[in-house]
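Please look over the sequence and the model shown here before reading on. The report that comes after them is meant to be read with both in view.

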Amino acid sequence: NTIPVITIDGPAGAGKGTIACMLADKLGWHMLDSGAIYRVAAVAALRRGVNLQDENTLAALIPTLNIEFKEGDAWLDGEKVTSDIRNEICASATSQIAALPAVRAALLTLQRNFRQLPGIVADGRDMGTVVFPDAPHKFYLTASAEIRAERRLKQLSQQELSAKLCDLIQDINARDERDTNRPVAPLKPAADALVIDTSSLDQAEVFATVLHYIA
Ligand code: C5P
């Protein structure tokens, strides 16, 4: 496949989504937010009351779902689920189902189908390692759990939602722990990825680093 891909992986709150959007905008490319795909699948599982450890039922459910992204919104079977996929309950359910190999396998083709001309910027946990191992440019963004929790707190307060920093740190650590230690597609930088620690960088600095590397 000669359609260009740039992958941006890393833990929750490292700033992948923002950088991926900025890059896709700048290049005029498509964008794949793979976490959103996992999140929509988790919403479907929660709504149908499927046990989040029931790998076979979850894997059978996924091909029956119509998961779409259009006009900046996420859709499940024709219903807008943009806000449903962004709460912490969904995030936690998502990382539980994302640990199951059959669930990941069921979502693989859907993700690869986003590879369309003129190119895509793909953000997630395993974009550079599993989904698009042949991507010519790979990035891995990371930051300390405290900094990532602070960024999340700021985001929430902009949406007029409240949370306690210590709870967010705990959530982030639990999610990282699950994402990093799962046997399939664990969160880790691809061997050929550029690792950027964003703890002491602002968005503009991270973006400049990424652009410099691509050029
Ligand atoms: O990136 P985001 O926070 O939306 O991802 C939600 C969860 O989906 C992650 O914690 C992870 O468990 C899972 N995920 C994944 N592989 C990806 C993207 C997301 O396992 N490529």
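Predicted model: local features only at pLDDT ≥ 70, side-chain atom pairs only at ≥ 80, totals over all residues.

The paragraphs below take up a sheet, a helix, the surroundings of a ligand and a single arginine.

One of its elements is an open sheet of three strands, arranged in the order E3-E4-E5 and paired in antiparallel fashion. Strand E3, residues 67-70, and strand E5, residues 79-80, are the edge strands, each of them pairing on one side only. Strand E4, which covers residues 73-76, is joined to E5 by two bridges, and these two strands run antiparallel. Across this pairing, Leu-76 stands opposite Glu-79 in E5.

**Helix H5.** The helix H5 is made of twelve residues, 101-112, and at 1.5 Å a residue it should span 16 Å; the C-alpha atoms at its ends are 17 Å apart, which agrees with that expectation. Buried residues in H5 are Val-103, Arg-104, Leu-107 and Gln-111. Because these four cover an arc of only 85° around the axis, they lie on the same side of H5. The elements that cover the buried residues of H5 include strand E2 (30-33), helix H2 (34-47), helix H3 (55-61), helix H4 (88-97) and helix H6 (127-131).

**Around the ligand.** There are 16 residues around the ligand, and those that come nearest are Arg-39, Arg-104, Asp-126, Arg-175 and Asp-179.

| Residue | Distance to a ligand oxygen atom |
|---|---|
| Arg-39 | 2.6 Å |
| Arg-104 | 2.7 Å |
| Arg-182 | 2.9 Å |

**Arg-148.** Another arginine, Arg-148, is found in helix H7, which comprises residues 145-158. Is Arg-148 buried or exposed? Its relative accessible area is 4%, and since a residue counts as buried when this value is under 20%, Arg-148 is buried. The side chain of Arg-148 reaches the backbone oxygen of Ala-143 at a distance of 2.8 Å. When its neighbours within four places in sequence are left aside, Arg-148 is in contact with Pro-11, Ala-12, Gly-13 and Ala-14, and also with Ala-143, Ile-172 and Asp-176.

Methods: Residues numbered from 1 in each chain as written. Heavy atoms only, no water. Pairing = 2+ DSSP bridges. Expected span 1.5 Å × (residues − 1). Buried < 20%, exposed > 50% of the residue type's maximum accessible area, 1.4 Å probe, protein only. Arc of directions from axis to C-beta. Contact = heavy atoms within 4.5 Å. Near = heavy atom within 4 Å. Polar contact = N/O pair within 3.5 Å; in protein donor to acceptor, adjacent residues only side chain to side chain.
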